[in-house]
Amino acid sequence: MKSIIFAGLLLGCAHGVQASPYVNVEANQGYLGGEYQSTGVDIHAGVEGKSWYLQGGPVVLASPDENSVELSGKAGGSVQLEENLSVYGELSFITGVELGVGTKVGAKYSF
């Protein structure tokens, strides 16, 4: 049910906006103190514009102790500061026992 609601939100956000739909499948492994903890595979549908994106869908979590499926998503964008310099940011979330939220910021310089 959460996936259906989130897919509706994605489609609603794209209405009337120049955006390109896409699918993103991404695997991430987690380590703590050099020891393997878990793998998460995001299976996201998204839309992107010239300097922004919004994606979400299920994430399959696998660890030595337990496997589960949760809902995750990301929204991000970038701003061109100069011809060769841009800054970007991302806000992400994942459901579970507690809602997990993360951020990412950075700069990109092209030569």
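A: We start with a definition: rings of Phe, Tyr and Trp pair if their centres lie within 6.5 Å. Planes over 60 degrees apart count as edge-to-face, and planes under 30 degrees apart as stacked. Keep in mind that this is a predicted model.

Q: How many aromatic pairs does a search of the whole structure find?
A: The search finds 2 aromatic pairs.

Q: What describes a pair of aromatic rings?
A: The distance of the centres and the angle of the planes describe a pair. For Tyr31 and Tyr36, the ring centres are 5.9 Å apart and the planes stand at 70 degrees, so this pair is edge-to-face. For Tyr109 and Phe111, the centres are 5.3 Å apart and the planes are at 80 degrees, so this pair is edge-to-face.

Q: Is Phe111 buried or exposed?
A: The cut-off for exposed is over 50% relative accessible area, and buried means under 20%. Phe111 has a relative accessible area of 92%, so Phe111 is exposed. Its partner Tyr109 has 48% and is therefore partly exposed. In the other pair, Tyr36 is partly exposed as well, at 33% relative accessibility.

Q: Where is Tyr109 found, and what does it touch?
A: Tyr109 is found in strand β6. Leaving aside residues up to four places away in sequence, Tyr109 touches Asn84 and Leu85. Sequence separation and spatial distance are read side by side: Tyr109 and Glu83 are 26 residues apart in sequence, while their C-alpha atoms are 9.1 Å apart in space.

Q: Now the pockets. What is the volume of the largest pocket, and which residues lie nearest its centre?
A: The volume of the largest pocket is about 340 Å³. Its lining has 24 residues, and Asn28, Asp42, Val59, Leu61 and Ile94 lie nearest the centre. The elements giving two or more residues to this lining are β1 (20-32), β2 (35-48), β3 (52-62), β4 (67-82), β5 (85-94) and β6 (100-109). By class, the lining residues are 6 nonpolar, 13 polar and 5 charged.

Q: What is the volume of the second largest pocket?
A: Its volume is about 180 Å³. The second largest pocket is lined by 15 residues, and Tyr53, Gly77, Ser78, Tyr88 and Gly89 are the closest to its centre.

Q: Which element gives the largest share of that lining?
A: Strand β5 does, with 5 residues. β3, β4, β5 and β6 each supply at least two residues. The classes in this second lining are 4 nonpolar, 6 polar and 5 charged.

Conventions
Residues numbered from 1 in each chain as written. Predicted model: local features only at pLDDT ≥ 70, side-chain atom pairs only at ≥ 80, totals over all residues. Heavy atoms only, no water. 1 Å grid on protein atoms, 1.4 Å probe; cavity = no way out; pocket = protein on both sides within 12 Å on 5 of 7 lines; lining within 4 Å. Points joined across faces, edges and corners; volume = space filled by probe spheres on them. Helix = DSSP H or I, 4+ residues; strand = E, 2+ residues; numbered from the N terminus. Nonpolar A, V, L, I, M, F, W, Y, C, P; charged D, E, K, R; others polar. Phe/Tyr/Trp six-rings, centres within 6.5 Å; stacked < 30°, edge-to-face > 60°. Buried < 20%, exposed > 50% of the residue type's maximum accessible area, 1.4 Å probe, protein only. Contact = heavy atoms within 4.5 Å.
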